[in-house]
Amino acid sequence: MKKKNILKFPAPNDSFPFFKEILENGYHVFSMENAKVPDYYPNKFPDYPGVDLQHLHIGDVVTIRVFFRIGSGKNVRADGGYLDLEVEHIEDETVFGVIQTQLPKEFPLQAGDSLEIYPDEILYKAQMTEH
């Protein structure tokens, strides 16, 4: 993962909706739409360019931001970072991508896993260079 951003879980843990999802699923995919909702996330995040689905194709590499649950008990917190996915399928407003980023074994997502994501979760498309 490229950039770390550790967030302590507030007490009570459900004061931010995204923490509730992390506790239930072990991870949460950052959404630019949710970032506009007051108090959805505990921090302010940068504005990302996003993507237009019309310009997205099979084989493109896109970047998302994911927060994972780490620790347990009173030490539970969220660790966030960027993941790259290769687009394998696009169906209506849903993009299916294969995780390219290597992650620690204890995380619920791993490189090679397929993930279903939505346009507001795609932060940007990687610029592919021709060699």
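## Stop one: a pair across the chain

Start by selecting K125: at 28% relative accessibility, it counts as partly exposed. Keep in mind as you click around that this is a predicted model.

The side chains of K125 and D60 meet in a salt bridge, 3.4 Å from N to O. This pair ties together distant parts of the chain, 65 residues apart: K125 sits in strand β7, while D60 is in the loop between α2 (32-35) and β3 (61-70). Is D60 buried or exposed? With 13% relative accessibility, D60 counts as buried, because the cut-off for that label is under 20%.

## Stop two: the other salt bridge

How many salt bridges does a search of the whole structure find? It turns up two. For the other one, select K36 and E33, where the closest N and O atoms are 3.2 Å apart. K36 is exposed, with a relative accessible area of 63%, whereas E33 is partly exposed at 44%.

## Stop three: a buried charge

Side chains of opposite charge can pair when their charged atoms come close. Next up is a residue without such a partner. Select E121, in the loop between β6 (114-117) and β7 (124-125). E121 is buried but has no salt bridge. Which side chain of opposite charge is nearest to E121? That's R65, 13 Å away. Salt bridges here need a side-chain nitrogen within 4 Å of a carboxyl oxygen.

So what does E121 touch? Leaving out residues up to four places away in sequence, show V29, F30, S31, T63, I64 and E116.

## Stop four: out to the surface

Hop from E121 to one of its contacts, E116. E116 lies in strand β6 and counts as partly exposed at 44% relative accessibility.

## Last stop: back inside

Finish with I122, which is in the loop between β6 and β7. I122 is buried, with a relative accessible area of 0%. To see what I122 contacts, skip its neighbours within four places in sequence and show M32, G50, V51, L56, V62, T63, I64, V95 and I117.

Definitions and conventions. Residues are numbered from 1 along each chain as its sequence is written. This is a predicted model: local features need pLDDT of at least 70, side-chain atom pairs count only at pLDDT 80 or more; totals for chains, interfaces and linings use all residues. Side-chain values use heavy atoms; hydrogens and water are left out. Helices (H or I, at least four residues) and strands (E, at least two) are DSSP runs, numbered from the N terminus. Buried means under 20% relative accessible area, exposed over 50%, partly exposed in between (1.4 Å probe, protein chains only). Lys and Arg count as positive and Asp and Glu as negative; His and the chain ends are not counted. Contact means heavy atoms within 4.5 Å.
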